[in-house]
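Open the model in your viewer and keep the selection panel at hand. The tour goes from one selection to the next.

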Amino acid sequence: MALKRRKSCRFQGRQLLRIGSRMTGAAKLQPDAGVVTAFSAAETGAMEDALRAALEGPRGANPLVGAVVIGPDGRQLVSGHHRGAGTAHAEADAIAQAAAVGLDLSGCTMVVTLEPCNHVGRTGPCTEAIIAAGITDVVYAVDDPHDPAAGGAATLRAAGIRVRSGLGADEALDLNRQWFEAVAAKRPFVTLHIAQTLDARIAAEDGTSQWISSPESLADNHGIRGRIDAILVGTQTVMVDNPRLTARDAAGNPASKQPVRAVMGLRAIPEDAAIHGDDGLAVHLPTRDPHEALSMLYSSGIRHVMVEGGSSILSSFLAAGLVDELIVYLAPTLLGSGTPALNGLGITSLPDAQQWEWDASDGGAVRTLGRDLRLHLRPQRHVALDHPPTRAAAEPAQGGY
Ligand SMILES: NC(=O)C1=CN([C@@H]2O[C@H](COP(=O)(O)OP(=O)(O)OC[C@H]3O[C@@H](n4cnc5c(N)ncnc54)[C@H](OP(=O)(O)O)[C@@H]3O)[C@@H](O)[C@H]2O)C=CC1
Ligand SMILES: Nc1c(N[C@@H]2O[C@H](COP(=O)(O)O)[C@@H](O)[C@H]2O)[nH]c(=O)[nH]c1=O
């Protein structure tokens with residue numbers, strides 16, 4: 001990934017860059033008059049690598065974040081990335097790696113794709129770790145909308161650290177554009193799961209569907225179940241499959257973290273349905289409106305939901321434009337008839353088709369899982385972010401961080 005920059009603006013190994021409307025999707029690294037901030041070629045290279053490192057993490061309640069620390073001579077010393085809610089942030093990851101090999105980071109520059117956090121969530125504040133490491137310079141791409149007005153940058157400055165932002169802002173906004181949108185809309189991040197045959201069926205004519213996916217795909221799906229906040233299905237899936245919707249390992253043992261199990265639809269859930277379990281994690285969302293379902297989940301602290309199916313539910317979330325990430329397990333199996341993965345998106349003409357793009361994050365866009373292919377996609381970007389992230393946009397993180 002090459003950050004946009006013009007070579008002509010370089011002088012003595014440094015670039016003169018203007019940060020134009022830094023927090024908008026139109027933010028560009030442009031050499032020009034105006035607010036002038038200088039970033040060195042080493043910092044620019046480090047930001048490119050930080051953006052690449054960020055892609056190694058999974059999408060969800062937390063944004064993808066990467067960090068690279070460079071020494072006073074511009075050499076890259078260590079890099080880190082965030083591996084999902086509840087794990088070390090990218091800055092803390094890089095600092096921990098340096099500590100593990102006895103690397104002294106005092107006097108170094110931390111280059112990171114998101115403003116270092118200032119709050120105590122599931123992990124300690126990154127500002128504290130940066131200050132404690134003796135880092136003297138921080139360059140970050142975009143503000144963190146989760147922090148209150150005086151965010152991490154202010155804390156770092158108050159500690160005497162030189163802080164600059166806006167380098168790679170376009171790329172960093174694009175990297176997490178769905179996450180920023182979900183945060184601004186105050187709704188959970190939505191991952192849609194489809195386990196389908198080659199001819200896009202999710203169940204046979206008689207309703208049987210277990211299992212279309214390979215054991216490896218099922219294991220992958222259970223891995224996701226173990227790190228999301230909630231899993232959601234329609235009432236019909238509960239009637240037909242009587243699913244448990246728990247996160248389990250290959251031997252059937254429950255994972256340490258279990259998602260809330262949400263059922264969406266107006267019908268009552270049978271009392272003996274397996275989904276109730278005995279852990280109090282099952283909820284009924286008596287609505288057919290996906291917006292309403294998400295707002296019910298959000299108000300109870302859910303920040304990442306995986307929509308599992310069936311077709312009516314998958315279609316309703318897709319038609320409403322509420323899907324941030326799409327994971328399709330594609331089995332080399334043909335049914336020729338049965339329940340289609342989707343049963344209508346309100347599209348009648350090709351120009352109106354939904355367009356998706358391959359998502360290289362978290363292991364890549366296409367992976368082989370046993371005999372299946374795992375396809376990973378995100379909505380295609382049509383325009384710059386209409387509503388750039390602002391600090392006021394989000395409530396403090398609950399499910400994530
Ligand atoms: N292979 C896979 O990945 C999966 C396969 N499946 C399969 O899918 C099949 C079930 O799919 P399907 O029949 O589509 O049922 P769904 O599971 O999608 O549930 C549909 C029901 O949900 C309620 N509902 C809530 N919101 C909406 C909405 N916006 N639009 C329409 N209905 C809504 C309605 O019931 P109400 O009257 O209660 O409101 C409706 O009848 C099963 O055979 C199951 O095995 C299911 C999940 C995953
Ligand atoms: N058939 C099918 C899936 N089906 C989904 O898994 C649910 C069953 O979950 P559980 O009772 O916890 O094992 C079922 O109701 C449906 O939501 N998933 C997949 O990854 N691949 C598959 O082939």
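A residue is near a molecule or strand if one of its heavy atoms lies within 4 Å of it. Select ligand 1 and apply that cut-off: 25 residues surround ligand 1, and the closest are Thr235, Thr237, Asp241, Leu266 and Arg288.

Before going on, some ground rules. This is a predicted model, where local features need pLDDT of at least 70, side-chain atom pairs count only at pLDDT 80 or more, and totals for chains, interfaces and linings use all residues. Residues are numbered from 1 along each chain as its sequence is written, chains are lettered from A and ligands numbered from 1 in the order in which they are written, and side-chain values use heavy atoms, with hydrogens and water left out.

**Stop 1: ligand 1**

Show polar contacts (pairs of N or O atoms within 3.5 Å). Pick Leu266: a backbone N or O atom there is 2.7 Å from an oxygen atom of ligand 1. Next, Ser312 places a polar backbone atom 2.9 Å from an oxygen atom of the ligand. Ile313 has a backbone N or O atom 3.1 Å from an oxygen atom of ligand 1. On its own, ligand 1 has 930 Å² of accessible area, and the protein covers 84% of that. These areas come from the Shrake-Rupley method with a 1.4 Å probe.

**Stop 2: ligand 2**

Which residues are the closest to ligand 2? They are Ser209, Ser213, Asp241, Arg244 and Arg248, out of 17 that surround it. Zoom in on Asp241: a side-chain N or O atom lies 2.8 Å from an oxygen atom of ligand 2. Arg244 uses a polar backbone atom, 2.8 Å from a ligand 2 oxygen. Arg248 brings a polar side-chain atom, 2.8 Å from an oxygen atom of ligand 2. Of the 520 Å² of accessible area that ligand 2 has on its own, the protein covers 94%.

**Stop 3: aromatic rings**

Rings of Phe, Tyr and Trp (its six-membered ring) pair if their centres lie within 6.5 Å; planes under 30 degrees apart count as stacked, over 60 as edge-to-face and the rest as tilted. The count is one aromatic pair. Select Trp179 and Phe180: the ring centres are 5.2 Å apart and the planes are at 70°, so the pair is edge-to-face. Buried means under 20% relative accessible area (1.4 Å probe, protein chains only). Trp179 is buried, at 3% relative accessibility. Phe180 is buried too, at 3%.

Methods:
Buried means under 20% relative accessible area, exposed over 50%, partly exposed in between (1.4 Å probe, protein chains only). A polar contact is a pair of N or O atoms within 3.5 Å; within protein, one must be able to donate a hydrogen and the other to accept it, and residues adjacent in sequence count only if both atoms are side-chain atoms.
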